[in-house]
Amino acid sequence: MKFVIQRVNHAEVKVDGDIVGSIGKGFLVLIGISDTDTKEIADKYIKKLINMRIFENENGKTNLSLKDVDGELLLISQFTLYANCKKGNRPSFIEAGKPDMANELYEYIISECKKQIPVVEKGIFGAYMKVSLENDGPFTIVLDI
């Protein structure tokens, strides 16, 4: 599993020109799921994501979590995080999770995040999406634990 976490002032995702998910201050998270991922692995990532302290406190130190700042989440599935570019110029995606399994795990991640964060928006699994954001910092973390 891989999460690319971007601290944003706002972000949105569109499918066929329609906004399907939109947030204010919070995290835009691109989620890559491999064929070996499980709910137990997802739980570790969710815990790390929710408790990650990358918002600034009153002293300008990155010491506040998503909950501390009433932050929101926009979760986007992105199998291309598992691109293998070692051979040739055309990426291989054989390490990405099969669609049925990956979608089930993606929906699990969304439902678990909703238990802790009041505003959780999402993209549409497998759809062609247009994602726009204002990265705050910029501050981007690749979570690969």
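These are my notebook entries on a few features that I looked up in this predicted model.

**Helix α2**

I began with helix α2, residues 99-114, and checked its length: at 1.5 Å a residue its 16 residues should span 22 Å, and I find the end C-alpha atoms 22 Å apart, which agrees. I then listed the residues of α2 that are buried, and these are A102, L105, Y106, Y108, I109, I110, E112 and C113. Looking up what these buried residues pack against, I noted the strands β1 (2-15), β3 (26-32), β6 (72-77) and β7 (120-122), together with helix α1 (39-51).

**Aromatic pairs**

I counted four aromatic pairs. One of them joins Y106 and F125, and I recorded it as tilted, with 6.1 Å from centre to centre and 40° between the planes. Y106 belongs to helix α2 while F125 sits in the loop between β7 and β8 (130-143), so this pair ties together parts that are 19 residues apart in sequence. I also compared the accessibility of the two partners: Y106 is buried, at a relative accessible area of 0%, whereas F125 is partly exposed, at 28%.

I made a separate note on K2, whose charged end sits over the ring of Y82 at 4.6 Å from the ring centre.

**R7 in strand β1**

Next I turned to R7, which I located in strand β1. Is R7 buried or exposed? With a relative accessible area of 5%, R7 falls under the 20% limit and therefore counts as buried.

**Backbone geometry**

I kept in mind that most residues other than glycine have a negative phi, and that most peptide bonds are trans. Against that background I noted a cis peptide bond between G137 and P138, with omega at about -5°, and I placed P138 in strand β8.

I also noted D16, a residue other than glycine with a positive phi, near 55°; I found D16 in the loop between β1 and β2 (18-23), and at 75% relative accessibility D16 counts as exposed. For D70 I again wrote down a positive phi, near 55°. D70 is in the loop between β5 (62-64) and β6, and its 68% relative accessibility makes D70 exposed as well.

Technical notes. Residues are numbered from 1 along each chain as its sequence is written. This is a predicted model: local features need pLDDT of at least 70, side-chain atom pairs count only at pLDDT 80 or more; totals for chains, interfaces and linings use all residues. Side-chain values use heavy atoms; hydrogens and water are left out. Helices (H or I, at least four residues) and strands (E, at least two) are DSSP runs, numbered from the N terminus. The expected span of a helix is 1.5 Å times one less than its number of residues. Buried means under 20% relative accessible area, exposed over 50%, partly exposed in between (1.4 Å probe, protein chains only). Contact means heavy atoms within 4.5 Å. Rings of Phe, Tyr and Trp (its six-membered ring) pair if their centres lie within 6.5 Å; planes under 30 degrees apart count as stacked, over 60 as edge-to-face and the rest as tilted. A charge sits over a ring if NZ of Lys or CZ of Arg is within 6 Å of the ring centre and within 35 degrees of the ring normal.
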